[in-house]
Each structure stands twice: as C-alpha cells, then as structure tokens.
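Please look through the structure below with this short briefing beside it.

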Amino acid sequence: MKFNQEQQKAIELTNKNIVVSASAGAGKTTVLIGRLEKRLFTDHLSLDEIVAVTFTEAAANEMKKRLSYKLNARKKEAKTEEELQFCHQQLMLLENANISTIHAFCLNIIKKHYASIHIDPSSLKPLESHVLNKLKEEAFLKVVKDELTYNTNTFMDLCNYMQLNTHHLEPLKEGIETIFKVSRNTLDPMAWYKEIIYKYKTIYNIHEMDSGIIDPYINDLNSAIKKLVIELICLLDILNNHNVDVKDIDTHLQALQTCTIHLDTYQQDIDQLKSHLSFKIPALRGKADYKKQRDIVMRIIKDIVASIQDEDMIVKIYNTSIPYNRYLTSLARLVDDHYQQLKRQAKGIDFDDMEHLCYKVLIANDYQVSNYYKNKFKEVMVDEFQDTNHVQDAIINLVGNNNIFRVGDVKQSIYKFRGAKPSIMQTLLTNKDIEPIFIRNNYRSNKRIVDFNNLLFSQLLNIEGLSIQYNQLDCQIAELPQQAVNQKPVEFLLLQKDKTHHSSLEKKEKEEESIENKEAKIFLIINKIKEIKKQDYQTYLSLKQDLALFEPDTKEYQYLQDHINTLNYRWKDFCILLRGHADKTLFKRLFKHYNIPCYIDENNGYLQCASVLTIISYLRLLVDSNDEIALVSLLTSPLYNYSEDDLAKMKYRSFSIDRFRNEKIYQDYQYLKELVKEKDLVKVIGFILSINDYYNTALTIQEKSNIDVLLSMASQYIHDSIFNFLAYFEEASKEGGASASYINNEDDVVNVMTIHHSKGLQFGCVFLYSTTKNNNYDILSKVLVDEELGVALSHYDESYTYKMDHLLRRAIIHRSNLEEYQEYLRILYVALTRAKHRLLILDLIDNDIAYYPLTMDLIQAKKGFTTLIYRGLLSTTEETNAISKAILDKTPLNELCKITMIDDIDFPETGYEDTEYHTIDKYPIQANQKTQRLAPSSLDQFDLTLNLKEQVGFKVGSMIHKAIELLPNQVYTKEMIESLNFNFTPTQIEKLIRFSMHPITTSTHAKTIIKEFPFYCKLEGNLIHGYMDYIAIGDTITLIDHKTDSDVTKDILLQRYQSQIQTYKKVLSMIYKKPVESYIYSFYLEEFIAV
C-alpha cells in the first residue's frame, strides 16, 4: 500500500517519543499495522520487545490476525533460513504477545511481578460487574450501619443537610460512588482523599478562598454584566426608534458599562452593581421585536440578581458546608476501604485495581520493574490515546524509554464518563521534547463532506473560552479523484415547530419534544431513505449501460466506475445516529411498520429481551409449579400461542400447570422435570428452544444471538441447580448492558445506533437525528465532585426551604459544564465524520434558532446539535476565519450545504398497531405478548383510551406524577420544582407546594414512603397489576392517588375512581396485613378526598 508523506513519517520515525494526531478517516489503523510490520521486518525487533495497547479486545485481535497473515506470507516467501526461522519464532510469540487492551497488559505485569508489592497471586481474579456492585452495596451498608450505631448525630446531621430520609439513602450512595470514581482517576486514591479533606478549612474572608473557586464566580458575573450591556444597547435602539424616553435606562447603562467586579473591592463593587439593576423597563403593546428583546434583558437581570451573594453570606455558607463536605469525603474513604477488603476476601479485583496495582508494581523497590521493562521493550505503541486517563499514561511512561508511539485524535475523545482526559494528548502535541505528526488526509468521505466539516468546526471549535481548537493542522484533506465524484451537498432538513405553542424564549428552551414530533422526524428519515434508494438506483442502472461504451483502462471508464461506486445503496449502507437510547423503541416500531429492515440495539440488556425471559420463565416454572406469572408468560409466548380470549375464559379458574394436564405444555413440563434430574442445564434450555420450533421460526437473528449468550452463561452452571442459576441471573440482570451483537458485513439492514457506538465505523449515507437541547444532568446530583476542588453539596438555609449553591459547588458546576460542552462538540464531530457519500441532518426547530451569537453564550445556553450547526454555518456569512474563507472562495455555502425548511409532513392514512409501548414491570411477561392482565381501573370497564392529539391534560398529569416521584419527602420549594426542568406554570408550582404542605401529606413523612409502587398479584380470581402513586408505611398505611382531572367535582372523582382505589386498598391489606387509609388528591380541587 502507498502511504502519504505524514503516514510514511509516522511509520519510519524511531528513537524518540511521537504523538500522531490522525483525523477521522485518516487510516490510523493501517498506519499502526504498517509501523508494527516495519519494526518487525525492517528493524528486526522481536514481538516480545514490542507493546501495542489498543482500546478494545476486538482491535487487539484484529491486529494479531493481520500480523499472523503477514508472518505466514513472509514465511512462505522466505529466501534464507534465518528469515524463515525469524517468521517461525514470531508466529510462536504472537499468541502471547503484548498486543492487548491496557487492562490486559496491566494484569499480565501484575501476575508476573506480584511479589514486588506482596500480594497473593490467587487474589487476582477479575470479578464480574454484578459481583462488584454487590460488594459495593455491602460496603456502603456496613459503613452506614456503623455510623448509625457509633456516630449517630453526625450521620443524621449529614442526612438532614442533604434532605435525605434514612429509609432512602440512594442519593448518598450515588454521591459516595461519584467520589469513589473520581479518586480512581488519580495515581494514589487514598492520598487524594487525605488531600481533599485537608483542603476543607474555615475561612474568614473571600481572599482566603481557593482561586479555582472564587475566580469562576467573579468571571461569570463580569461576563453577565457585559452581556447585559450589549442587550441593553439593543433595547435602547428599539426604544429610540419608537420615540420612548430612555433617560433612566441610559443612566444605568452608562454605569453598568464601567462596572467590573474585583476580588480586592468585592463588596463595594457588588453594592454598586445592585444599585444599577433596579430600573423600570417600559412595556410597549403590539411590538413583538421589543417584547422579545425586553424578555432577554429581564432574564439576564434576573439571573445576575439570583447569582449575587454578599461577602458575609459567601463566607458563612462556605464555612457551614465545610464540615459536611469533610464528613462525606471521610465516609467515601471508609466505604472504599471496606470495598477493598471485600474484594480481597473474594480473591478478586476490578479494572481500576488492574491499573493501580500495575502502577504500584512498576514503582516498587525504586522502580525496579519499570527499569526492567524500559530495557526490554524497544517499541511501545498506544492506540486511541485521546481516551487515556492519568493512571494509564503514567504506566505507559514507566514502560517506555524514548520509544513511545501514541496515536489518536483529541477531536474524537468522547469517553469522559470513563475518565478519559483528552488534555493529556493536547498537552503532548505542544511538548517540545515529543515529535508531533498530523495526518490530515481523509480517505473516507467525499470532498463536499470534508469541506463542510472543516468549515463548520473551524467556527464551533474556535469559540473563545474553549480549550479545544480547530486550526490548519486539524483541517482534513480530500484529494483522491474518487472523492470528487458525484458530490452531493450536506442536507440540513429542518421541520418547523408549531409557533403557537409557546410565547417566550425561556419557555421554548424548556420545551420537551413530543411523540408526534419525534414520529415526524423518523417518518422524514424513512421517506429520504426510500427516495435515495430509488433515485440512485435508477442512476446506477443508467451509468452501468454507459460504462459498456468505454475501455477499462480509460479515464472515462474510471470516472464512471467511481460514480457507480457511490450509488446502488443497500439497506446496510444507511445509518441513523442518535445522541442516546431513548428513541430507539420508536424507531424500531416505525421501521417495522414501514418494512425497513433494521438493526437497533436498544441497550435494555440481552438478559431482558423477550426470548431470554421466555426461557427464564420456563426455568422458574420448573422450580415452582405454582408460579402463575411464569406460566402466563409461557402460555402467551410463541411456544404455545394462547390468545387473549383463551386466557380470558380461564380468569376465574385456577392457574397452575396441573390445570393443563391434557395440553402439550403439561407433557413438555413433565419431560423437562425428568431432564432436570440429569443436571444438564444446557440440555434443558435446548429442549425448550425446540418446542414449536421456537429457535428457528420465532426468533430474529438478534434474539438468537442473545440466546447463544444465555447458553454460554448456562454452561457455567451445567452441573448446578436451576435455583442457583436463577439467582445468578437475577444479579446479572441488574447490570443490563447492550444486547449481543449479531451484525456483520453480510447483514443487509439499516443501522440505528448511538454516536458512541458508531466510533470507528463508516457508512455510505448517514442521518444525524439531531437535537435542540443539551442538558448536563450531572450537575443536578446532590453530590458534585471535582478532582482538584473536592466535594460539594447543595446548601439550604436554616429552615431548609431555600437552596443556595455555595461558590465551591458553583465552581464545580462551571468546570463540569465546560467539560460537558466540549465533549458535546467532540461527539458532534464524530457523528458528522462517519459518512462516505451522503450526510443528512434533521431536527425540529423554533424561531429562535439563529438568536445566539457564536460565543460562549451559545455553549452555556445548553443548545443542541441543531442550533450549534445552524449558528456555525450562519456565522460564516457574517465573519469568516482563514479556514472558512479558503473553503468558501472555492465552493459557495449553498453547494456545501442545502438547508431546507419543512412546514409539515403528511403522514400516511394507514395506522399501525402499537405493540411496543406496554408498561413492562419486573416480571417476565413480555411487552409484545397479548396477555390478559387487568389493571384496577379495567375492573370497572372504565374507558382509558387516549388520543395522541388530545393528550395535553394527560401529559401534565404525567409530569405531576413524575415530579412527586422525584422530589424529596418534605415541603417543596419553588427552586426544587424548577430544578426538574418540567416547564411547570407558576400556578402548577403553587399547587404542588400546597399539596406538599397539606397536613395529610406532612403526616406521611415520618413513615416509609414508596412512590410509583409496582404490584402484581392475584385478587378474587384475577391477575391484577399496576402502580400506586404514593404509599406511606407505618403502623398504618396511607395511600394517596394523585388526580389531575379538570372541571370535576368531588362526586365525579369518586364515581370515576372509587372502585380503583378500593382495589388498591385490598392489595395493600393483602400484602402488608395492616389498616389502610386511602385518599384521592385532586390537583384541580386542591383537596384530599377520603375513599
């Protein structure tokens, strides 16, 4: 293969540390293999002198596979005995060569040198994730129990400060888990705990605060003041045009223009700022442009006022929080200590241990092992270096000796949640002692797509305030002849939202996308896929005929052949990229309805797919013949195909396996009972799969893959009891995880996947299912953690009714937001660089998409991909940089990108059967099975049919229910409710607060409260299932059912729901054997109604 100049340099250069920045489609893997071959066959290094660290096991196996092929080929072509022996020796070394993931490499070093740190070699077994989670849970509960016993007051003070109920400590557990994760990104976690605890010191003025805490706060205030000045000037211009007196506003504007907050004169500057924020802004009727600008100004003022704190208050709040931060960090260290002990008792380790133990081994005894490997290894190669963390980088430096070859792309670092630190690679690229190489050629995408991405990211990644940049060395080059053939502009398809829904910019920002809007976007994708396949196939046939007119060695023939290669799309050439997993089920349903073959990994875990749960239901029935839920699941599965009518006829009869003595299920059951005695679980599952030819006729390829994984799991319990296997299955199920993958190059299906899963892949035609929002949910956690700044909790005033984030928490939020925004841009970069020939971006938009300027304001506004792309493109028409100017001088923007505004989509008249959206509870009855299951309301024959076009009330009701589920068990505050971002109106917020203050509600706070309580039981001959809104368990049980029905009276509500509530009472009485007080709470009437 012919390499370009930069690739050749990356392959040839040795005897120094090298970092290669390889953009998307640059042939990074080919370069790695090329360098590895050069080091072997030209430099004659032996494989045991080489380390090659890959990001995944698949990448390591692929590298070994390619090397094996090359070595065997060289062996056959060997001309000397020496060359033959060399190839033979390398083939023998290949299986155990250090070509692996970082964790496998670390584990190998630990196993060889465990004695250097005095650990038991039998304790190095990697434990499965569900086992580790169980140990973490045990460690947490042990520490909580000890604290409640020996340190009761301090622990209860922390719970009160965090607004926690001791019966619901999940937020505390999650907070400790976050602290634990951050500690593991450091070289010495226990030393980090001590350092952070030491940082928590009482202060007497803000000058004693860490600059990393106070500086972001002051900088943000000054930025907000500048922003207010700019928007006020725009407001004054509009007022002047309408001949309105602006003297008062102008006076305050002039003062604000000179207002800057300084640390040395902080309180004086704050007082001055406050005095110039209280001015009256006139209202003008019928002036839409003015109203919009006025809303913007008022919102900025509101935000500034909310963020201002006097110096005394800053010091007081900070000092109040210090003991809690210190204690919480100490708790995390105790849990960590106990977790390490439990792992030692289990004789196992986790992935973090592999890194930290390896680091300890390498530095032990004055770096004895490190020096050994520095002398042994002549080449250390690291792939996907942009996703390395500090511990991994330290390990690489300890085994390399001026021979480390790192390759990656900072712009494609999208694994922050795994601890990836792209700043490590970013720093090395400017290190004078390291040779940087930039591979810019893109061999994946056509030139139009490459230019589009260069244009867009030269705008988005060069916003002032970001640490990431896009300069000339980051610009990709597409110079192959075939990359200039049949170039289509990138399509930006924008569906316009209903403009009447919301009246203010602030409301639009909080708007949640409806099911109808999502369906419209998916239907647009379906239309475009079919359109592209049809149009391109017709062109393909025409060009095929033209091709016969030319000789194969002519330029005309080659041009036509290159053009043909960009056409004739198969299903597998299409890919739809999503930001997350939430809408995959909707895609699956609509694609199935419109006969689009697709592969959609729903990420709900292969252990929870219908086919696996059917097998598990049979195993449960074999353990307990009276398990009615398992029996119903089997009856309605494709194994036996009982219908709804069949089950309805039986609902008053006994549900047990004996009831079916004359049926096939009973015969199969008896045979399996005998088979179980042989203690061969794989054989048992194999027989179940043969019933009604289930495996061959009822399962998709994906489901067969999931079953294969289940069989592999069962093989580990082949001589154990079914009961033990089911217990193991329950623990493993809690982990979830993606379904087993079945996709290969031969499967002709459309791929619907997340952007993260698309990394390293390429497709002929890519759709980006874009978004208009980007929420950083991490900052909503009760416990925030930063590696440098430490731990921060939310602060409440003395009455625990008003939440105020102290400056430490604000500083952590500031850092978290900046990191999140930059990763969001990198995720967008990965998405837009997957396409070879066609790239389409689509979303729904509102009128304010072009409002935000291309500054940090746009980033901080948490806008999604759509606004970022649109604003980035728009900015090229306003102010171009050198990169965008060079591109636009050759190709106009309208040829690079075609923006289409779509007012409406006509859906086909034919409907579709919704079989995917049943509520799935924890019991193994599958969503696509039509089992006769009765909810309490169905006993009354009450019509609950919903029309999607008339669900406004239903949506509000769902939001109310969800809010109560998420809010703490105390009197709510406005800030608590607004933090949910549910877009409640002020009236709705007040109603929620009044509900929480009602004596009946507050009387439940002393009890154990369960919200959205799931149940499934047999009552009066019927299988009853559902969820209860709110139950509180004490000596008696309080049941509250929330209703949001409008235009009702007390009598109407009782008529509608009395029977339902009475059914709930019976269920609770049967489960808990306690008296039940039951109420309907009407948010319309704002009244409790006893039932």
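**Loop residues with positive phi**

His 44 lies in the loop between α2 (28–42) and β2 (50–54), where helices (H or I, at least four residues) and strands (E, at least two) are DSSP runs numbered from the N terminus. The model is predicted, so local features need pLDDT of at least 70 and side-chain atom pairs count only at pLDDT 80 or more, while totals for chains, interfaces and linings use all residues. Residues are numbered from 1 along each chain as its sequence is written, and side-chain values use heavy atoms, leaving out hydrogens and water.

- Although His 44 is not a glycine, it has a positive phi of about 55°, and His 44 is exposed, with a relative accessible area of 53% (buried means under 20%, exposed over 50%, partly exposed in between, with a 1.4 Å probe and protein chains only).
- Glu 1086, in the loop between β23 (1076–1082) and β24 (1087–1090), also has a positive phi, near 55°, without being a glycine, and Glu 1086 is partly exposed at 29% relative accessibility.

**A buried lysine**

- Lys 1043 belongs to strand β22 (residues 1037–1043) and is buried, with a relative accessible area of 10%.
- Leaving aside residues up to four places away in sequence, Lys 1043 touches Leu 1053, Tyr 1057, Gln 1060, Ile 1080, Tyr 1081, Ser 1082 and Phe 1083, where contact means heavy atoms within 4.5 Å.

**Two helices in contact**

- The axes of helix α15 (residues 351–376) and helix α16 (residues 390–399) come within 9 Å and cross at roughly 15°; axes are lines fitted to C-alpha atoms, for helices over the stretch in contact, and angles run from 0 to 180 degrees between N-to-C directions.
- That angle makes α15 roughly parallel to α16, a label for angles under 35 degrees, with over 145 counting as roughly antiparallel, 65 to 115 as roughly perpendicular and the rest as oblique.
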